[in-house]
Amino acid sequence: MVFEMASITLKDIPEDLHAQLKREASANFRSLNQESLARLQRSFEIEAALNARRDQRWIDEALASGPETPLTAREMDKVRDRVLARKKAA
């Protein structure tokens, strides 16, 4: 697998954040650029994992709510009548 490395320029970041980033880059044997990109990538991975868990929770809740029953002809007529009444009122 071939990865294309990009460059990132950080401007006007607080000194304490810059110092922390430099310490972490050194501890991880990375350049400041590599550390910044790695942390940026990790933030997207964390977000994707959180979204996947949220989506799975929604799926589980939907499945646990029981089977859906189809609308009867009478229920469909009621829905149609409500929609038509709203259109007339608008």
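The accessible surface of the protein chain amounts to about 8500 Å², and 57% of this area belongs to carbon and sulfur atoms; accessible areas come from the Shrake-Rupley method with a 1.4 Å probe, and for residues only the protein chains shown count as cover. The structure is a predicted model, in which local features need pLDDT of at least 70 and side-chain atom pairs count only at pLDDT 80 or more, while totals for chains, interfaces and linings use all residues. Residues are numbered from 1 along each chain as its sequence is written, and side-chain values use heavy atoms, with hydrogens and water left out.

The protein chain contains three helices and zero strands, in the order α-α-α from the N terminus. Helices (H or I, at least four residues) and strands (E, at least two) are DSSP runs, numbered from the N terminus. The radius of gyration of the protein chain is 26 Å, whereas a compact globule of 90 residues would have a value near 12 Å; this radius is taken over C-alpha atoms, and the globule rule is 2.2 Å times the number of residues to the power 0.38. Along the principal axes, the C-alpha atoms fill a box of roughly 70 × 35 × 30 Å. Of the 90 residues, 6% count as buried, where buried means under 20% relative accessible area, exposed over 50%, and partly exposed in between (1.4 Å probe, protein chains only).

Helix α1 (residues 15-27) has 13 residues and reaches 18 Å from its first C-alpha to its last, close to the expected 18 Å; the expected span is 1.5 Å times one less than the number of residues.

Glutamate 35 lies in helix α2 and counts as buried because its relative accessible area is 1%. Apart from neighbours within four places in sequence, glutamate 35 is in contact with Leu21, Glu24, Ala25, Asn28 and Arg30, contact meaning heavy atoms within 4.5 Å. Glutamine 34 is also placed in helix α2, but is partly exposed, with a relative accessible area of 36%. The C-alpha atoms of glutamine 34 and serine 7 are separated by 8.4 Å, although these residues are 27 residues apart along the chain.

Leucine 71 lies in the loop between α2 (32-64) and α3 (73-89), and counts as exposed because its relative accessibility is 51%.
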